[in-house]
Every structure is written in C-alpha cells, then in structure tokens.
Amino acid sequence: MTPGSDPTSQALVGRSEWQGPYRAVLMRSAALAVQYLEGLDTRPVNATATAEDLAEKLGHLLPETGCTLEETIDVLAQAGQEGTVGSSGPRWFGFVVGGTLPAAVAADWLTSAWDNNGRAYVLGPLNAVAEQLAAEWLVGLLKLPQGTSVGFTSGCTMAHFTALAAARHRLLSNCGWDAEHDGLHAAPPVHMAVGAGHHVTLDLALRYLGFGTAAMTVIPEDEHGRLNPAELQNDLRTHHGPTIVCAQAGNVNTGACDQLAQICDIASEAGAWVHVDGAFGLWAAASPGLRHHLHGLEAADSWATDAHKWLNVPYDCGIVFVADSQAHQAAMTHTPAGYLSDDGSGPRDPADWVPEFSRRARAIPLWATLRTLGRRGLADLVDHHCAMATLFATLLAAVPGIEVLNTVVLAQVLVRFDDSDDVTRRTVASVQTGGTCWLATTTWHGQTAMRVSVASWATTESDVRRSTAAILRAWREARRQPPAPHTIGMQRMNDDEAVFYPESQYSGNAVHLRLGTCDSAPKPISHTIRSVRIGPMVKAVTYDEAGRHQEWEIRHSRHDGPTPPKGDREHRTDHHGVPAR
C-alpha cells in the first residue's frame, strides 16, 4: 500500500506527501479559531452541551481505521462551539480567569509550531532568551529587588511550591540542615503562619513539600479579609525556629491586600521568610495608581502570581520570584544526567528555576504580551480591570435590595441580593444559564454572595451594563420563585408528633407537626429523618434514609417551648437532603 493512500497513515506519510495536507489543516484550524474568537461577543458565555453530548460528538470508541485530519479538526471545532465557556470573551466574570490578548494568542500559535522543549537553552535558544528578558522586565515593572530570580511555572500552585522550596532551603540550611539531601525526617520543624483567608493553593504547596497543613497556624483576618498584623506578632512571639509567613496581595473574595510593610517588619524581627500570594493582585504593583495597596511589597522574600489572570496570556503561565536567587536555584536545580552537559558557564537554563523538566516554552507568549503592551499598556490593562469592577459595584449598589459587601479596591466585587442566601444562589444560577455573562457564588463571613471578577482586556463599559441588566433580570425572576427549603433540626416528641426547628433566618421559631393521614392511618416516626421540605404554610413531607416519604400537617406555626437538647437535634439536613456538616 502506498503511504498516504489510507487515512490511517495520513499522519505518518513522507515529507513530500505530508506538506500538502498539513498546510491545509493548519489553515483550516486557523480559520476555525478566528471564527470562534470573533463570535465570543455573540455566543452564549456558558457551555451549552452536556458531558454526554460532548462524549457523543467526540466518539466513545477509538476508531479502528482512523479519520482524516480535516474530519478530526472539524469535529473538535464543532464540539468547541458548545462545550467551551467564553472565558476569552468580554463577559466572563467567574473565578479569576483572564482573557487572552491577540499578541499572546498569536505568539502561542507560533510556540506550538516550533514545539521546542522549554527546559534548556540547547533545546530552544529563543525560549531561553525570551524568558530571561521577560524575567528582567517583570522584576523592573513590579519594582522587586534587583537580583530577584524568576521562574515560569504552570500556575500559582507551583509558583508557591517553588518559592516555599526556596524558603525551606534557606531556613533549614541556616539551621545546618540540608533538606535537598537529607529530606525532612528529623529536620527542625518549620512554622507556617497564614491568614484565615489564604487560598487553597498554599495548602497544596505545603502538602507537596512535605510540611503538611498541620504546620500552619491560621492568623485571624480583619473585616476586609486582610491578615491581622497584631495577631501575627502575637503568634511569632510564641514560636521560635524556622518560620514562614504567607501574606496576600489580593484576597480572592474582596481583592483586599494585606498590610505588607507592617507584616514584613514583624517577620523580619522574628527572622521569618515572607512569601506573598499575588495570584492576580501582584499586578497592581505595575500601576502607579494602585501600587499603594501593595506598600512594602519589595520587603518580602518571595512572590507568586499568574500571568494567565490579569496579564491575559493563554494558559498556562504562573510566575515565581525569589529575592534570594541562590536559595531559589539550590532548591530547584538538578544534577545533570550523563548525557547532559552543564558546567554552569553557559546561558541560563529555564529548568534551573522551576520543578518541571520538560515543558512548554510558555515565556514566549508572555514576552510578546509585554513587548506589545509596554510599561504604560500594562498599567492601563490593570487599571481597566479595576475600573470595570468599580462600575459593576456602582450600578448594582444603586438598586434597592442589592448590597455590595466589600470595598472595591481591585477587581473583585461581592454582591448579595435581598440579604438572602437563597435569593442570591437562585440569582446566580439563573445568570449562569442565561448566556449573557457568567459568574459564581462564594461564601463571605458566613453569607452567600455573588462574586464578580473582572480579568479581561476585552470587557467594555457596554459589557458591564449589559451584564448588569442580565443580573437584574435574573434577580427579579429569583424573587418570584418560592423559597428553597430551609435547613431543619428535628426533636422527636412521641410516635406521632415531632418538632422541626428551621436553622436559618427563622431560627428560634419551631414548626410543631403531627402525622397526617395521607394514606389510611397515622404512622409512627420510625426512621431517621433525611430531609424535610416544608410546603406552602400547611404541610411538610419527611424523607427517611431509603427515600420513603411521609406527609405532615402543621399544628402550630410557632413554638415557644424550650430549645431541644443537642442530642435530639443531630439529624440535620440541608435543602438538598444531604447531611449537613
């Protein structure tokens, strides 16, 4: 059989036969990608296909004979229309997911075409040099100490990992312990002080490094979500030995930044290493109008951020900065294999500064973004995100019944509707399926809130107003819906009576119920109650563990008797019927 005559060999044909179809499929892919990007403003922001739909489109079984390149790409592009979210578009406000600048996308396409391994200069000089230049530019843009070393990771989790590995090296070596050689068994314990509002990626980094989350002491935060310096000082006075303090530049809910200057002073007195989680907020340091929120930033020892958030480069690109470059490299560098030559005299190898060995040349899109924006463009991009968030807050706070819960300092806005968890959840759920924009809920000070995160260069004032209108429509619809069932606590009285205590805004007002006659005769309460759903003023239905239900009638709408003992109220459920914690 001649190579190329069978579709199964299409990807394996010789160069002369391969160039034609390869060029055609790349041109087709480029056209489909541009079509997708140009349609982001008009397509639904949410994904419209289910997992089952997508599996059907992609094919459940691996084909025996294979498909043509064109067919494969067309199937993938079609699935992408329904199975992707519009996070690259102008009205995605969920989590903190950045858009993608055109320069970054174009450079990323070229990076894929080159397909050089990003680990070493010898495997791709362009990436190594672009990474070195981008690193130098970033240190200057963020006004970090001269000589700060930089690594490019998959994201902030591994940036934390790298920074804390450098901290581990320096702190333990100061105690005479070689962590890289001897591990942590019998090593001096390292104390971790973290704010109550720290992000879970710090927990992951501590687990990966062998410290464990039990090493953490959680320091209380203030009403804005900032670590309390006085509480930190009290903690450090009671601990001696190697210590790491983890601060935040941008609380994930409120955007508030820790008081870094004061924290660094306190930590310095205790000989502690200060690491700053600046997943998105670190970029405020590049804005003359916002840098004051990060006063004292340069006094820390390490910093972590994501370029795929506010800098709007494609996934993935995290960045770690370490003031002690020797500790950074010592924690990450490898002993060369026999087939590798590395005497330390050649150009910088990217793998010496991050955990990954073989990896994508992720610094090239970042370099292209920085070169295209320049200093002023980067500052304008960060300012733009914050201005759009402020506009969101202004428009929503002006509506009676809607409360903005945080002081908007960066690009995070917390919103609550009718001071109700239930209405807030239903409003957000309606927005998510409406297609105009997408955002999510969070919990702030024990209350459910809608969180708006602006992180795309493409978001305009028109997008904010259009999204606000969609949010208001969803809210009005949520107000017309019946309230969801409340969390219930039960006190069993006897075989045919029980008292149910709603544990929400109606706490203290019990509902006294007796068994109804939904069948032929009353039945005793014989099962653990799994969930309770109170109907409109007259009835309730209880469900046992097997899903069987019984109907109850309300005898009294209020009960002023004594609160049942804790032991009688242990069978609590949430409004989904899942045991509450």
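A quick word on burial before we start: a residue is buried under 20% relative accessible area, exposed over 50%, and partly exposed in between, using a 1.4 Å probe and protein chains only. We're looking at a predicted model, where local features need pLDDT of at least 70, side-chain atom pairs count only at pLDDT 80 or more, and totals for chains, interfaces and linings use all residues. Residues are numbered from 1 along each chain as its sequence is written, and side-chain values use heavy atoms, with hydrogens and water left out.

Now for the pairs. A salt bridge here is a side-chain nitrogen of Lys or Arg within 4 Å of a carboxyl oxygen of Asp or Glu, and the structure holds 18 of them. Take Arg 91 and Asp 41, whose side chains meet at 2.8 Å, N to O. This pair ties together distant parts of the chain, 50 residues apart: Arg 91 is in the loop between helix H3 (69–83) and helix H4 (102–114), and Asp 41 is in the loop between helix H1 (15–38) and helix H2 (51–58). Helices, by the way, are DSSP runs of H or I with at least four residues, strands are E runs of at least two, and both are numbered from the N terminus. Arg 91 is buried at 1% relative accessible area, while Asp 41 is partly exposed at 37%.

Next, look at Arg 479 and Asp 418, with their closest N and O atoms 2.9 Å apart. They also link distant parts of the chain, 61 residues apart, with Arg 479 in helix H14 (residues 461–480) and Asp 418 in the loop between strand E9 (412–417) and helix H13 (421–434). Arg 479 is partly exposed at 46%, and Asp 418 is partly exposed at 27%.
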